[in-house]
Structures are given as C-alpha cells and as structure tokens.
Amino acid sequence: MLKVQKEDFDIFRILGRGGFGEVYGCRKRDTGFMCAIKYLCKKRLKCNNKQLMPYEERDMLFKFDSPFIICFELYLFKQKLSYALFLILMNGGDFELSHTKKERFY
C-alpha cells in the first residue's frame, strides 16, 4: 500500500474556506500532478457531530463519473488535527460565484 504524507506535496495558495476547513492548491512532488487539498478540521467536525463526513465524502466522490462533479483523486489521510482530501484541481472559479453573476453554463 502506498504511504502518502503532507511532505509529498508542495502546497500553494488558499483557494477557499468553508465551515469545516480550507482548500489549497498543491502539486505532488514526484509526479508534478496538480490537485486541490481540502483540509477538514477534526475539532469542527466533532462539534457538529460530523466525524464520518470525510469518509462519506470520499466514498461518494469516488463513485461519481460526471463532467459536472469534481471526482475524488488518489488520497484521503488523517493528521493530528485534520483530515486531508485530495481532489482534481478545476481551474476557472466555482459554481456559486458564477451562479450569482447569472452566467450561462453550456
């Protein structure tokens, strides 16, 4: 089984923040693969009774194969204070921002 650690990635700037953590852009050092790393704070998850959410999100994203849903890519690992989920990095902004500007999607 492949052991992956935070040190295997170069972390870049923050891409977004949410109720349970932050999302950063990153690159895997050995392959150069660009992805997004979503850190979920264990303390915030526990306070909201959502401890299983990272595993449920991983399982749900792993099952999808759609151009409209960001699919799970490669890794989920635990750290002392957080979970880290790796997703395919989608350039071009987020849906909520575009939706509030009333842009059309094709």
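Q: In this predicted model, why is Lys28 called buried?
A: The relative accessibility of Lys28 is 8%, and buried means under 20%; Lys28 therefore counts as buried. Its place is in strand E2 (residues 21–28).

Q: What makes the pairing of Lys28 and Asp30 a salt bridge?
A: The two side chains meet at 2.9 Å, N to O. The cut-off is 4 Å between a side-chain nitrogen of Lys or Arg and a carboxyl oxygen of Asp or Glu, so the pair qualifies. The 2.9 Å pair of Lys28 and Asp30 side chains is also a polar contact, for which the limit is 3.5 Å.

Q: How do you know whether Asp30 is buried or exposed?
A: Asp30 has 58% relative accessibility. Exposed means over 50%, so Asp30 counts as exposed.

Q: What makes Glu57 and Lys38 fall into their accessibility classes?
A: Glu57, with a relative accessible area of 14%, is under the 20% limit and therefore buried. Lys38 has 21% relative accessibility; this value is between 20% and 50%, so Lys38 counts as partly exposed.

Q: Why does the contact of Asp10 with Arg29 count as a salt bridge?
A: Their closest N and O atoms are 2.7 Å apart, which is within 4 Å and therefore meets the criterion. Asp10 lies in strand E1 (residues 9–17) and Arg29 in the loop between E2 and E3, so this pair, too, ties together parts that are 19 residues apart in sequence. Asp10 is partly exposed at 27%, whereas Arg29 is exposed at 52%.

Q: What makes the set that includes Val4, Phe9 and Ile37 a nonpolar core?
A: A nonpolar core requires buried residues of nonpolar types joined through side-chain atoms within 4.5 Å. The largest such core has nine residues, among them Val4, Phe9, Cys26, Ile37 and Phe86. Strands E3 (34–41) and E5 (82–88) each supply at least two of its residues, and E3 gives the most, with three.

Terms used:
Residues are numbered from 1 along each chain as its sequence is written. This is a predicted model: local features need pLDDT of at least 70, side-chain atom pairs count only at pLDDT 80 or more; totals for chains, interfaces and linings use all residues. Side-chain values use heavy atoms; hydrogens and water are left out. Helices (H or I, at least four residues) and strands (E, at least two) are DSSP runs, numbered from the N terminus. A polar contact is a pair of N or O atoms within 3.5 Å; within protein, one must be able to donate a hydrogen and the other to accept it, and residues adjacent in sequence count only if both atoms are side-chain atoms. Buried means under 20% relative accessible area, exposed over 50%, partly exposed in between (1.4 Å probe, protein chains only).
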